[in-house]
Amino acid sequence: MMEEDVYKKYSSHTIEELLQDNRFITSVTFPTEESDAYWSKALEDGTIDRPDYELAGHFIRSVQVRPERIRRSEIDNLWENIEIANKENLRRRKNRFRFYFSTISAIAVSFVFLYLLNALTQHEPAGPHASGIENIKAPNVRTTDIQLVLAGEETLSLAGEEARIVYHEEGIDINNRETDLKNRQPHTGRAVFNQLIVPPGKRSMLTFAEGTRLWVNAGTRVVYPAAFDRRQREIYVDGEVYLEVSPTAACPFVVKTDRLNVEVLGTSFNVMAYRNDTVHNIVLVSGAVKIQPGTEQEVTLSPNEMYLYANGTPEVRSVDVENYITWRSGAYRYESESLDVILKRLSRYYGREITYSPQVASLRCSGKLHLKDDLRLVLNSISHTAPIICHYDGERYMITNK
Amino acid sequence: MSAGSPDPVEDKLLWDKFLSGDDKAYAYFYKKYVGDLFSYGMRFTTDRELIKDCIQDVFVKIYSNRSRLNKTDHVKLYLFISLKNTLFNVFQKDKAFYHIDTIEPVFSVEYTIEDCMIAGEMELEREEKMRRILDSLTPRQREVIYYRYVEMMDMKCICELMDMNYQSVQNLIQRAIRKVKTLSPARDKVVLSVNKYTVKFKDKNN
């Protein structure tokens, strides 16, 4: 037999030589026609010993490990976090004189994201844990500043486009500065609430003492207890919020909105709920959440699913979650979305009035809008793709059909 | 997904672009290598979130230091080394959380021995032997084998990544190969087993 002849000619060094040979290693893992031909020829003309060839290949195949794959959604979320951290660093560099705490903590939190637009219809607050949080009234002050309402009815106005509010055991830091504000604990057993009100055109970041972080988008009100209950953490949201919930064993996190309750079953999530929108939805990126929509049946969402409530009927469908969570890093991404929805969000984000006709409203657009840009630029970029014309009269934007 | 031959020329070009402030090049490297980096990191721990945090640290750091970074013609290696260092720093700080008795995180792999198509006794025995050999490898040997045969890095890269000189790395590999050589079939039995063996691979490749 051929093999026998070949065998006698070659020393047992061959295995070692093959296993040290770059060409051989690449051929085993990524065989090509060319490499196959090369090695068959070497085998045939007897320059290589077949059993050694087989064994060397066998060894390389055997040491291949099953790769731990990173999921698509994890890649996207991680990228977003990186972009946010980079932006943060640039900002910090600009404000280097400021005192700030904390580097990024190395210990991980897993993320559940969730997005929610609330229906215009007002319902009785649903859910088994009625604590009255949804009945807390917004302060009756009209201002374009971000407002922080403390338990003692003290209201702080915060200047600037963005506020960073960090609660810790002792008190509250604002924009990386310690304040002499005390976070009052409830002594009487009756819960006391704080509120953060972010007007259109502004944004904020809020960190609770237990570690949960919220990115709060424009035109949003968040109500939360001065200190969380031991058994359940509960907040109320009217608007859009992205949450990273700090995992605390046996203490669920519930986000209440006008229309429904969302209970976090995993560890973290992201919420958005505008009282005045006609469509609402919840999109889950990873983990699990339970949705309790008042009268309808409870729904548990899986990653990449959206709970959609429009025209009075709930529905669960698969979506590209990316489109729903990019706002945090300063962009809106749309896929075949009506201009109605897009313009409404832009108006809220920039705090500017935008008027448009029903024909314009029903146009559909796809793409990414960079919210760092001036509103006029953003609208112009839409007018390059959609047949619309944009006018600005110094006060409001008017959009008409071409 | 150990993305075959990383295109060193393109990487080098884009790395220069990144150093001079091109964000697209930055995003390119993230997209290209995040999968490999993740798989690599998971060799040291089972904590996905920790690896993601470390990858984030690596990318945030190169972004904020980019004006001070050196040119490199092997971006993948650079990222692998950064990830390893970041990870080891965490381990160092949080020893209690990870391996209490070792300072360095242990490199561990679960090999995917070809368990399909094992037909005869002979193959079964051989697989069993291969498995035993792989099990007997030391963590260092496993690590070097991973770089050489899974990531397909050349010796120079491996030396840098393991922070060892050429001869020491060579010794690690040779000791592993020597174990494999013991699997080389005894001469008189060869013909039969080899024939079967050949058939097996042909089947697999088709």
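**Confidence, burial and packing**

Guide: This is a predicted model, and chain A averages a pLDDT of 75, with 79% of the residues scoring at least 70.

Visitor: Which stretches of chain A have a pLDDT below 50?

Guide: Residues 95-130 of chain A are one such stretch, although the model has 130 contacts there beyond near neighbours in sequence. Residues 1-12 of chain A also stay under 50, with 26 contacts beyond four places in sequence. Where pLDDT is low, the predicted coordinates should not be read in detail.

Visitor: Why is B:Q141 counted as buried?

Guide: Buried means under 20% relative accessible area, and B:Q141 has 3% relative accessibility, so it counts as buried. This residue lies in helix α6 of chain B, and, not counting residues up to four places away in sequence, B:Q141 touches B:S136, B:L172, B:R175, B:A176 and B:K179.

Visitor: What makes α6(B) and α8(B) roughly perpendicular to each other?

Guide: Helix α6 (residues 139-150) of chain B and helix α8 (residues 166-181) of chain B pack at an angle of about 95°, with their axes 9 Å apart. Angles of 65 to 115 degrees count as roughly perpendicular, and the two helices are therefore described in that way. On the α6(B) side the contact is made by B:R140, B:Q141, B:V144, B:I145, B:R148 and B:Y149, which meet B:V169, B:L172, B:I173, B:R175, B:A176, B:I177 and B:K179 in α8(B). By class, this contact has 8 nonpolar, 1 polar and 4 charged residues.

Visitor: How do you know whether A:E80 is buried or exposed?

Guide: The relative accessible area of A:E80 is 2%, and the cut-off for buried is under 20%, so A:E80 is buried. It lies in helix α6 (residues 72-94) of chain A, where, leaving aside neighbours within four places in sequence, A:E80 is in contact with A:E322, A:I325, A:T326, A:R328 and A:S329.

Visitor: Why is strand β7 of chain A called largely enclosed by the rest of the structure?

Guide: Of the 5 residues of β7 (residues 203-207) of chain A, 5 are buried, so the strand is largely enclosed. In a regular strand the side chains alternate between the two faces of the sheet. In β7(A) both faces are covered, with A:R203, A:M205 and A:T207 buried on one side and A:S204 and A:L206 buried on the other.

Visitor: In which sense does β7(A) pair with β3 of chain A, and in which with β8 of chain A?

Guide: Strand β3 (residues 162-167) of chain A pairs with β7(A) in the parallel sense over 5 bridges, and A:A163 stands opposite A:S204. Strand β8 (residues 213-216) of chain A pairs with β7(A) in the antiparallel sense over 4 bridges, with A:L214 as the bridge partner of A:L206. β7(A) and β8(A) form a hairpin with 5 residues between them, and A:G211 in the turn has a positive phi of about 110°.

Visitor: What makes β20 and β22 of chain A edge strands?

Guide: They belong to an open sheet of 3 strands in chain A, with the order β20-β23-β22 and mixed pairing, and each of β20 (353-356) and β22 (388-392) pairs on one side only. β20(A) pairs with strand β23 (residues 396-401) of chain A in the parallel sense over 4 bridges, and A:E353 stands opposite A:R396 in β23(A).

Note on methods. Residues numbered from 1 in each chain as written. Chains lettered and ligands numbered in written order. Predicted model: local features only at pLDDT ≥ 70, side-chain atom pairs only at ≥ 80, totals over all residues. Heavy atoms only, no water. Axes fitted to C-alpha atoms, helices over the stretch in contact; angles between N-to-C directions. Parallel < 35°, antiparallel > 145°, perpendicular 65-115°, else oblique. Contact = heavy atoms within 4.5 Å. Nonpolar A, V, L, I, M, F, W, Y, C, P; charged D, E, K, R; others polar. Pairing = 2+ DSSP bridges. pLDDT = per-residue confidence, 0-100. Buried < 20%, exposed > 50% of the residue type's maximum accessible area, 1.4 Å probe, protein only.
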